[in-house]
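The sequence and the structure are shown here for reference.

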Protein chains: 2
Amino acid sequence: MLRIILISLLQLLLLNTGTSQVPIPTPAQLAWAGAEFGVIFHYDLHVFDGQPYNQAKNRITPVADYNIFNPTQLDTDQWILAAKNAGATFAILTVTHETGFALYQSDFNPYSLKALKWRDGKGDILRDFIQSCNKFGLLPAIYIGIRWNSFMGIHDFYVDGNAPISKNRQAYYNTYCENITRELVTKYGKFFFIWFDGGAHGPEQGGADLLPIISANQPDAIFYHNLQRADVRWGGSESGTVPYPCWSTFAYPSWSQYADAKNDFKAIKHGQENGAYFMPAMADAPLRGYKGRHEWFWEPGDEAHIFPVARLMDMYEKSIGRNATLIIGLTPDASGLLPQPDVDTLKAFGDLLKATYSTPVFSFSSDQKEIELPLPKGRKFDKIVIAEDQSRGQRVRAFSLQVQQRGKWITIAAGSSIGNKFIKKLDAPISGQRIRLLIPKSENGHLIKAVTLY
Amino acid sequence: MLRIILISLLQLLLLNTGTSQVPIPTPAQLAWAGAEFGVIFHYDLHVFDGQPYNQAKNRITPVADYNIFNPTQLDTDQWILAAKNAGATFAILTVTHETGFALYQSDFNPYSLKALKWRDGKGDILRDFIQSCNKFGLLPAIYIGIRWNSFMGIHDFYVDGNAPISKNRQAYYNTYCENITRELVTKYGKFFFIWFDGGAHGPEQGGADLLPIISANQPDAIFYHNLQRADVRWGGSESGTVPYPCWSTFAYPSWSQYADAKNDFKAIKHGQENGAYFMPAMADAPLRGYKGRHEWFWEPGDEAHIFPVARLMDMYEKSIGRNATLIIGLTPDASGLLPQPDVDTLKAFGDLLKATYSTPVFSFSSDQKEIELPLPKGRKFDKIVIAEDQSRGQRVRAFSLQVQQRGKWITIAAGSSIGNKFIKKLDAPISGQRIRLLIPKSENGHLIKAVTLY
């Protein structure tokens, strides 16, 4: 054992000397990949309109009376506790979505909670949200929508029309985007993750200059994303899953201009082995996405479309279990609460996760090309979780895990990418005499934090 | 005297029987014409920008940061007292002007005092303004600007662009105009005068349907104006004067479509003798309109451009003295007060008005074609004010006032229109033995409330 530790230390020293060509994550990227499971709360004016949500229509049709926004029972503790019970480690709030309405006390966006009768214009859902995150130990994050704004008439980042008034409004809107971004990132403490949906168009696209504001004020936040930089990438679907392999790395410093829809987003789904940029994938899906629905916002009568727990487990294994971070969309209703069926499903999912992945049969770590250990006698398992230490980058390129049964080695898991986690479910529980992990290929060494059998 | 009264009563009965073809004012129009002198306070975001006001630029260029609006010493009592000291009987506030920013607690316009840090978002300048009007006995009135809105990108009533988002925004904007009008006319009590600058474009022009909202909720207010209805008309200049004659009547139920700029607005300047619609004229001018300036909004360093009192007296005589209602524009500054030089000028003007028109040498009334009376011996006068009772319409078509001096009758004033007031200044003070008023032509009788000599 001492020999192994010494070699490990030597290997870490080698990794530190810069001999590696593997891209190294920032501490924020490492934390984000390791956070594994988060939630996003979508909330906006049209939740209160009593109509089915129609994104194509809603994003270009202003809400006639914003005072429909009146969540009399709003309780972000209830939201965040539900997320915590599911196992989420971070939570995102849509501080502005496609109406342009802001869920906080903005000094630059009058179309915000200040305008409402609700809470006498003093409500601040973002502030409440952050307090609830702190209370329950989740990391707070924000989604800023600037691509669409039905109130201000912003269509895919731009003001329609060519008259001087429209050109002036575009300039005003860009400054406005900078102002709201600045106030968000300076007045509410640290955010784990700052998500610009559809990207934060930069000046080279006729948009605002947002990245410097994030860099200067939230250097530790995950920035997602513009053409210059994306700390993480979209996983190419809203199915809550990614295909295998899903590398932590990508060929370019950002992804949206290389996200090829015609090729089924394969480049961003898989990432790129030996890509020059650390950029782990996100797999997102709304909780209400079952049986032909796909709802990021609450609508009445959609309870039958909550994913069953088994589907959520499947997502978990096909996202987190393939080295992506899973983000599930939650939908507070017009009363201001997450509906009870959603709360119950999240709790059941969290309970099942704990029951499934809390009591290992066996676990070991290794930084060797090959390690072989005895298995506890007669103990059966049917789930394998392999976790790679990515603090010095994703390094494993090929692995296989084998079990010795009656003198013969049987491969029970094999592949290329491990990353934060690789999860494999076996068809049936097995046991064995010995186990060995082979890493025939890695970039300048590797460290498997844990192989865990359940 | 009894004979005169009896005849007058008989004449009024005749007028009431509908034998007259003369258009009869509504009580509101009669009150408006009799109110004679009002003020309008222009106040908007750009007062706080430290830049010279440039209307063409400001109306199409949104203000970058609306929190520049911070009138720390705002005191509408000071505004209204200054107006009262000048002799104003009503006061108008620009509740929205061309930025679209609202000076009240709007439930439909988020771009309003609710959005501000000032007074913690609870300021309501319109409410304060009305309270001050009530305190000092002026009638409150509002100016609603919907033609331009730099914040919302409204250019001459319309949204620029042809994309679906722009068409939806036009529909939204029209509904918005109806909503803000409705809240203004239902939440703040009665208004004397409701002024839509540039008009309240109706549905036939692709605009909002505002007139029914005014009619239903403020039946006693002066409506100004749309294509269907104008209770009063613009006097065709912003000089604070109208030419003579300036009839109380007009040929059409509204004026803007007949205001011929190429013909120097002569039709609306003069009105129309025997016009079928009672529609008295308004003569407006900014107080800061002297020596090449014409400023409806406060700007620093404009004190030298305050009209001297003598010019204001001239305006008074060429507007009120020609049967128009005078409206002077006042400009509260960025501190929230009307500047002291303006306050001082208004006080001096009011004092001069009182000194000039408070102590008559002689006065009489008449409903006769001819009346002759002795003058007080040796008393000199140089100003003549003739006031017609317009409650049954403007009826006099020709008049002359003559003084007998050493046995000879000398005409000292003559003309066609009298209306609310006719004022004549003589070149030098005169006296005489007798005076007579001749009304050779009137429509079905007339009543001269007073001929007063000063």
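In this predicted model, four strands of chain A make up an open sheet in the order 13-20-15-18, and their pairing is antiparallel. Strand 13 (362-366) and strand 18 (422-430) of chain A each have a single partner strand and stand at the edges, so one side of each is left without a neighbour in the sheet. From one strand to the next, the twist in this sheet averages 15°. Within the sheet, strand 15 (residues 381-388) of chain A runs antiparallel to strand 18 of chain A and is joined to it by 5 bridges; Ile384(A), for instance, has Lys424(A) in strand 18 of chain A as its bridge partner.

Chain B also contains an open sheet of 4 strands, with the order 14-19-16-17 and antiparallel pairing. Its edges are formed by strand 14 (370-374) and strand 17 (408-415) of chain B, each of which pairs on one side only, and the twist from one strand to the next averages 20°. Strand 16 (residues 396-405) and strand 19 (residues 434-442) of chain B pair over 7 bridges in the antiparallel sense, with Gln404(B) standing opposite Arg434(B) of strand 19 of chain B. As background, the strands of a sheet pair through backbone hydrogen bonds, in either a parallel or an antiparallel way.

A helix pair in chain A comes next. Two packed helices are described by the angle between their axes and the distance between the axes. Helix 9 (residues 309-319) and helix 10 (residues 340-357) of chain A have axes that come within 9 Å and cross at roughly 55°, and the two helices are therefore oblique to each other. The crossing of helix 9 and helix 10 of chain A is right-handed. On the side of helix 9 of chain A, the contact is made by Val309(A), Leu312(A), Met313(A) and Tyr316(A), while helix 10 of chain A contributes Thr345(A), Ala348(A), Phe349(A), Leu352(A) and Leu353(A). By class, this contact has 8 nonpolar residues, 1 polar residue and no charged residues.

Some backbone details deserve attention, given that most peptide bonds are trans and most residues other than glycine have a negative phi.

| Residues joined by a cis peptide bond | Omega |
|---|---|
| Tyr244(A) and Pro245(A) | about -5° |
| Tyr224(B) and His225(B) | about 5° |

Pro245(A) has its place in the loop between strand 8 (233-234) and strand 9 (249-250) of chain A, and His225(B) is found in the loop between strand 7 (222-224) and strand 8 (233-234) of chain B. Arg406(A), although it is not a glycine, has a positive phi of about 45°, and this residue lies in the loop between strand 16 (396-405) and strand 17 (408-415) of chain A.

Where the chains meet, 26 residues of chain B are in contact with 26 residues of chain A. Helix 6 (residues 164-187) of chain B gives the most to the side of chain B that touches chain A, namely 7 residues, and by class that side has 12 nonpolar, 9 polar and 5 charged residues.

As for confidence, the predictor gives the complex an ipTM of 0.91 and a pTM of 0.93. Chain A averages a pLDDT of 95, with 96% of the residues scoring at least 70.

Terms used: Residues are numbered from 1 along each chain as its sequence is written. Chains are lettered from A and ligands numbered from 1 in the order in which they are written. This is a predicted model: local features need pLDDT of at least 70, side-chain atom pairs count only at pLDDT 80 or more; totals for chains, interfaces and linings use all residues. pLDDT is the predictor's confidence in each residue, from 0 to 100. Two residues are in contact if their C-beta atoms, placed from the backbone, lie within 7 Å. Ala, Val, Leu, Ile, Met, Phe, Trp, Tyr, Cys and Pro count as nonpolar, Asp, Glu, Lys and Arg as charged, and the others, Gly among them, as polar. Axes are lines fitted to C-alpha atoms, for helices over the stretch in contact, and angles run from 0 to 180 degrees between N-to-C directions. Angles under 35 degrees count as roughly parallel, over 145 as roughly antiparallel, 65 to 115 as roughly perpendicular and the rest as oblique. A crossing is left-handed if the near helix is turned anticlockwise from the far one by less than a right angle, and right-handed if clockwise. Two strands pair if DSSP finds at least two bridges between them.
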